[in-house]
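This briefing is for a reader who meets the structure below for the first time.

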Amino acid sequence: MDWIVQDENYDYIQEIARSGYGDMLHDKDRNEKYYKAIGQAVKLLKEQNKQVRSLDIGTGTGLLSMMAATMGADVVTACEAFSPMAACAQKVIEVNGFKDKIKLIPKRSTDVTLDDIGERANLLVTELFDTELIGEGAIGSYTDAHARLMEDDCIAVPSSGLMYIQAIQCDFLASCNSLQTVELPNNTAVSMPKSLGTCSGAPLLHDLQVDELCAEIRPLSSPVQVFKFDFGRKNALPKHEQTQHNVTAIEGGRVDAFVMWWDLKMDPLGEIILSCAPCWNRDSSAPIPWRDHWMQAVYYPTLCREIEKGDNFTLYSYHDEYSLWFDTQPTQRILPSCTCGLHVTFSRNRIGQLNEYTRNTLFINLLQKHITKDTVCLVISDGSLLPLMAARLEAKKVFYLDCNHATRKFVKELIRHDNLEDKIVLLDKSAEDILPEDLLNLKIDLVIAEPFLQAALLPWEHLYFWYALHYLKSLLSENVVILPESMTVKAMAVQFRDLHKIRAPVGICEGFDISEFDQLIKISSDSSDDSVEPQPLWEYPSEALSSPTSIAFLDFTKSPENTQQLQYSVDIMHSRDGVLNGLALWAEYKFGQDVLSTGLIYDDQSHVPKWDKFSKQGVILYHNAKAVKKDTKLNMLVTFNPENGDFCFKVE
């Protein structure tokens with residue numbers, strides 16, 4: 001919870017380290033199709049006896065400009081506004097022998113003038129796209145370039161973008177959009193306001209690797225093309241657009257969400273197609289490119305409409321300059337906003353976690369076991385349903401300590417909605433400021449935490465409740481029960497199919513030496529990043545190369561001041577041969593006989609781990625993968641500082 005003073009250039013350095021450039025450069029499908037389309041565009045212009053003048057907006061490493069120069073463009077100009085990347089691109093261009101062929105302008109394209117480029121260009125080469133296609137300002141950048149910098153009959157690569165949506169049913173995605181009533185065994189329930197079920201959550205795009213949900217998704221409609229974005233013509237990209245399409249249900253079910261993706265027609269003839277379609281809408285015989293920079297996007301309707309097979313219904317689609325939204329009923333032409341408070345307070349993962357049946361059942365059983373009509377309960381978590389469950393299970397009094405203003409405000413509304421204001425006292429103070437009178441001079445019999453801290457990024461960072469207990473120890477009864485009672489951090493050596501590519505060096509890309517970029521990323525990562533980063537590992541297939549190994553343990557029944565600083569090494573034994581490119585880490589919290597895992601759910605005999613979908617795990621990604629043999633060891637150095645709760649994990 002402490003502030004850490006960073007270098008004045010930390011933001012720049014971290015932006016480089018966490019950029020998606022490396023991921024894009026590993027996307028062979030993308031690179032090959034850009035290269036082929038640029039070659040075709042240069043050929044078409046040459047056949048018209050034109051001098052080819054190429055403009056590359058947002059050049060990044062300079063890759064597309066080097067492609068244009070290699071394919072025979074006569075004049076190549078590239079612009080890059082992010083100064084560290086512009087400097088890197090200049091080095092890459094020089095290393096590859098294009099110093100005198102490519103002019104690099106370190107400006108935004110909207111600041112580039114005709115004086116900078118000499119004369120209007122006739123080949124526009126760009127990659128300005130994100131998961132939503134237009135979310136990085138593509139409409140404005142293209143419109144400006146066509147108006148000031150390009151000839152009217154220019155060629156653009158890519159030529160156009162086609163956007164599709166498909167109505168689907170998926171219990172997992174539905175659970176990430178609205179809170180459901182929690183039924184309790186004493187015939188009571190924690191109910192939710194109706195407003196939570198009539199809010200699409202916009203503008204919070206839910207982007208994820210939808211292919212990993214293939215077995216759980218039921219398409220209810222065929223794919224529908226809802227927009228076409230023409231990148232090659234002047235004034236062809238409206239900032240506001242809406243369409244409606246009548247579709248027929250191919251299956252009956254509940255419209256929980258819409259999956260959106262886009263395809264790019266790379267060349268003017270429309271022969272080269274780059275597709276981001278999910279796996280169930282692709283040719284099963286062709287390999288599916290993996291990419292993390294362009295995922296499918298999920299959007300939610302205002303209401304989850306029930307339909308029968310053969311029913312006709314309407315899909316309404318909208319976009320402005322940066323955003324998209326979709327529905328099964330007409331809506332306003334401006335981007336909707338969250339009206340219920342849920343979606344601006346919690347992440348989609350946290351909403352799903354609060355709905356998870358197995359997790360809620362564990363907590364309900366624990367509360368039932370420890371609560372009587374004389375129990376005074378203290379809940380310490382951010383945005384938790386535990387105080388409402390405890391109150392419904394008839395605890396004498398429930399005190400709720402939530403250190404996040406937004407989540408505390410939201411839970412306060414739930415308490416009011418469920419008419420539990422007389423049973424639950426919301427402590428609007430920090431733990432160190434709480435006095436006996438704040439607890440109505442009662443002693444706490446049960447302390448329970450999920451644990452969940454809104455600000456935590458990694459699974460072992462949800463420790464605020466443990467430190468809070470230090471300030472509250474005089475307010476606890478002699479026989480107080482503290483749950484969870486302990487935490488174990490575990491690690492497992494893994495071989496990722498694709499995830500490691502986001503940190504792996506590129507080296508040679510389509511024949512061009514990109515090692516200067518690799519060096520920039522490595523220097524930035526080493527100076528700004530912890531070795532462990534958060535990732536939702538269920539989205540990224542992997543194979544286990546070792547058994548789960550316990551690498552750290554904390555006893556929450558002992559106070560932090562009575563916990564020693566830890567520093568030791570742990571050996572992780574490889575259980576099978578493979579290519580080691582990552583190390584997965586997670587926390588398991590012990591609640592009596594029950595264990596709540598934030599990571600591995602199980603590892604079956606096929607060595608394919610199943611991960612908790614509602615938590616992000618920690619992962620150490622290797623810059624250079626290495627082959628490992630069964631029964632060889634991986635050594636890890638573990639340190640823990642109880643003064644601030646910081647863990648450090650380093651692989652030797």
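**Cysteines and overview**

C509 counts as buried because its relative accessibility is 3%; buried means under 20% relative accessible area, exposed over 50%, and partly exposed in between, with a 1.4 Å probe and protein chains only. The model is predicted, so local features need pLDDT of at least 70 and side-chain atom pairs count only at pLDDT 80 or more, while totals for chains, interfaces and linings use all residues. Residues are numbered from 1 along each chain as its sequence is written, and side-chain values use heavy atoms, with hydrogens and water left out.

- The structure holds zero disulfides, a disulfide being a pair of cysteine sulfur atoms within 2.5 Å.
- C509 is in no disulfide, and the nearest cysteine sulfur, that of C88, is 13 Å away.
- For C403, the closest cysteine sulfur belongs to C377 and is 17 Å away, which is too far for a bond.
- C403 counts as partly exposed because its relative accessibility is 32%.

Helices (H or I, at least four residues) and strands (E, at least two) are DSSP runs, numbered from the N terminus. Two strands pair if DSSP finds at least two bridges between them.

- Five strands form an open sheet with parallel pairing, in the order β22-β21-β20-β23-β24.
- The edge strands, each pairing on one side only, are β22 (424-427) and β24 (476-483).
- From one strand to the next, the twist averages 20°; axes are lines fitted to C-alpha atoms, for helices over the stretch in contact, and angles run from 0 to 180 degrees between N-to-C directions.
- Helix α13 (residues 405-417) packs on this sheet and touches β21 and β22, where contact means heavy atoms within 4.5 Å.
- The direction of α13 makes about 165° with that of β22.

**Strand β20 and its partner β21**

- Strand β20 (residues 376-380) runs parallel to strand β21 (residues 397-401), and five bridges join them.
- L378 has F399 as its bridge partner in β21, and I380 stands opposite L401 in β21.
- β20 is mostly covered, with five of its five residues buried.
- From β20, V376, L378 and I380 point one way, whereas C377 and V379 point the other way.

**Nonpolar cores**

In soluble globular proteins, nonpolar side chains tend to be buried together. A nonpolar core is a set of buried Ala, Val, Leu, Ile, Met, Phe, Trp, Tyr and Cys residues joined through side-chain atoms within 4.5 Å.

- The largest nonpolar core has 121 residues, and F129 and F326 have the most contacts inside it.
- Neighbours within four places in sequence aside, F326 is in contact with residues including M163, I165, V226, F227, F258 and M260.
- Other contacts of F326 include Y299, Y300, P301, Y316 and S317.
- Another core, of 95 residues, lies apart from it and includes L342, L367, W460 and I572.

- Helix α4 (residues 63-70) is mostly covered, as seven of its eight residues are buried.
- Those buried residues of α4 are L63, L64, S65, M66, M67, A68 and A69.
- V75 belongs to strand β2 (residues 75-79) and counts as partly exposed because its relative accessibility is 31%.
- V75 and V52 are 23 residues apart in sequence, and their C-alpha atoms are 6.4 Å apart in space.
- Not counting residues up to four places away in sequence, V75 touches Q51, V52, R53 and S54.

**Two histidines**

- H343 is in helix α9 (residues 342-345) and counts as buried because its relative accessibility is 2%.
- A polar atom of the H343 side chain lies 2.6 Å from the backbone oxygen of N177.
- Residues up to four places away in sequence aside, H343 touches N177, C199, G201, L204, C338, R348 and I351.
- H370 lies in helix α11 (residues 357-370) and counts as partly exposed because its relative accessibility is 25%.
- The C-alpha atoms of H370 and V481 are separated by 8.2 Å, and these residues are 111 residues apart along the chain.
- Leaving aside neighbours within four places in sequence, H370 is in contact with T375, L446, V481 and L483.

Methods: Polar contact = N/O pair within 3.5 Å; in protein donor to acceptor, adjacent residues only side chain to side chain.
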